[in-house]
Amino acid sequence: MERVEDIRTELGSRDWEAMTAHEAIVWGHERFGGQMVFASSFSLEDVALIDMACAAGIKPRVFYLDTGVLFPETYELIGRIAERYGIAPERVLPQLTLDEQAQVHGEKLWLREPDRCCGIRKVQPLRRYLAGQDAWVTGIHRDQSPTRAGAPRVTYDEGFSLVKLNPIVDWTTEDVHSYIAERGVPYNPMHDQGYPSIGCMPCTRAVRPGEDPRSGRWAGFQKTECGLHGR
Ligand code: SF4
């Protein structure tokens with residue numbers, strides 16, 4: 001990859017806010033080709049991005065962090081997405097199996113130290129995976145949480161040392177729902193059962209009407225992010 005200073009200069013010369021999500025994905029594809037990867041937890045946002053890329057004639061390289069404790073519905077959705085779009089999502093694993101983690105750190109680490117657990121099962125695997133890429137695409141958008149309110153559409157990700165594209169950063173949650181419905185994109189049925197945000201089984205619960213959509217993640221902890229974004 002080129003020098004970081006050159007990339008920062010290039011990124012700083014463009015008006016990303018004037019770009020649409022579609023244009024950002026196409027730009028990323030033309031600029032980085034197969035060295036641009038789509039991070040996916042198979043959320044509504046993530047499946048919308050996969051659909052958008054495929055509709056633009058791009059075969060996205062999709063990867064997911066398999067913590068070993070995802071919902072059966074999520075694994076089932078991965079199969080449906082793979083079939084529908086003819087893609088083979090790359091499964092990124094932690095270095096420790098769940099048994100090994102329990103031996104080293106004790107049983108159910110997520111109940112005691114979710115930051116350490118996310119570090120082992122998400123952040124470290126992501127760091128290793130992204131080390132070989134030039135750009136990553138995420139589905140974050142500004143109205144999801146205060147920590148994401150200032151997210152740019154395209155930036156140099158200092159935390160992981162590569163370009164980060166957030167094509168739908170200016171979309172609202174309603175925009176995402178409309179896109180999914182209009183395009184008939186496959187999605188996790190749990191979203192219709194009170195789970196607006198779906199992560200690992202031990203750290204996700206249903207949200208009651210009127211609650212913050214992300215309050216169902218790490219309930220009982222101050223934690224609101226895995227540590228993958230907001231750097
Ligand atoms: S979301 Fe929970 S189970 Fe999943 S890696 Fe983080 S702490 Fe562990």
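Biologist: Why does G79 count as partly exposed?

Modeller: G79 has 38% relative accessibility. Buried means under 20% relative accessible area, exposed over 50%, and partly exposed in between (1.4 Å probe, protein chains only). The value of 38% therefore makes G79 partly exposed. This is a predicted model, in which local features need pLDDT of at least 70 and side-chain atom pairs count only at pLDDT 80 or more, while totals for chains, interfaces and linings use all residues. Residues are numbered from 1 along each chain as its sequence is written, and side-chain values use heavy atoms, leaving out hydrogens and water.

Biologist: Where is G79 placed?

Modeller: G79 lies in helix α4 (residues 72–85); a helix is a DSSP run of H or I with at least four residues, numbered from the N terminus.

Biologist: What makes L228 count as buried?

Modeller: L228 has 12% relative accessibility, so L228 falls under the 20% limit and counts as buried. L228 sits in the segment after α8 (173–183), and touches L65, K122, V123, L126, W136, F160 and K164, leaving aside residues up to four places away in sequence. Contact means heavy atoms within 4.5 Å. K122 is 106 residues from L228 along the chain, yet their C-alpha atoms are separated by 7.8 Å.

Biologist: Why are α2 and α3 called roughly perpendicular?

Modeller: Helix α2 (residues 21–32) and helix α3 (residues 44–55) pack at about 65 degrees, with axes 10 Å apart. Angles under 35 degrees count as roughly parallel, over 145 as roughly antiparallel, 65 to 115 as roughly perpendicular and the rest as oblique. α2 and α3 are therefore roughly perpendicular to each other. In this contact, A21, H22 and I25 of α2 meet L49, M52 and A53 of α3. These residues divide into five nonpolar, one polar and no charged; Ala, Val, Leu, Ile, Met, Phe, Trp, Tyr, Cys and Pro count as nonpolar, Asp, Glu, Lys and Arg as charged, and the others, Gly among them, as polar.

Biologist: What makes α5 oblique to α7?

Modeller: Helix α5 (residues 98–105) and helix α7 (residues 114–130) pack at an angle of about 140 degrees, with their axes 12 Å apart. An angle of about 140 degrees belongs to the rest, so α5 is oblique to α7. By class, their contact has three nonpolar, two polar and two charged residues. Among them are L98 in α5 and R116 in α7.

Notes:
Axes fitted to C-alpha atoms, helices over the stretch in contact; angles between N-to-C directions. Helix = DSSP H or I, 4+ residues; strand = E, 2+ residues; numbered from the N terminus.
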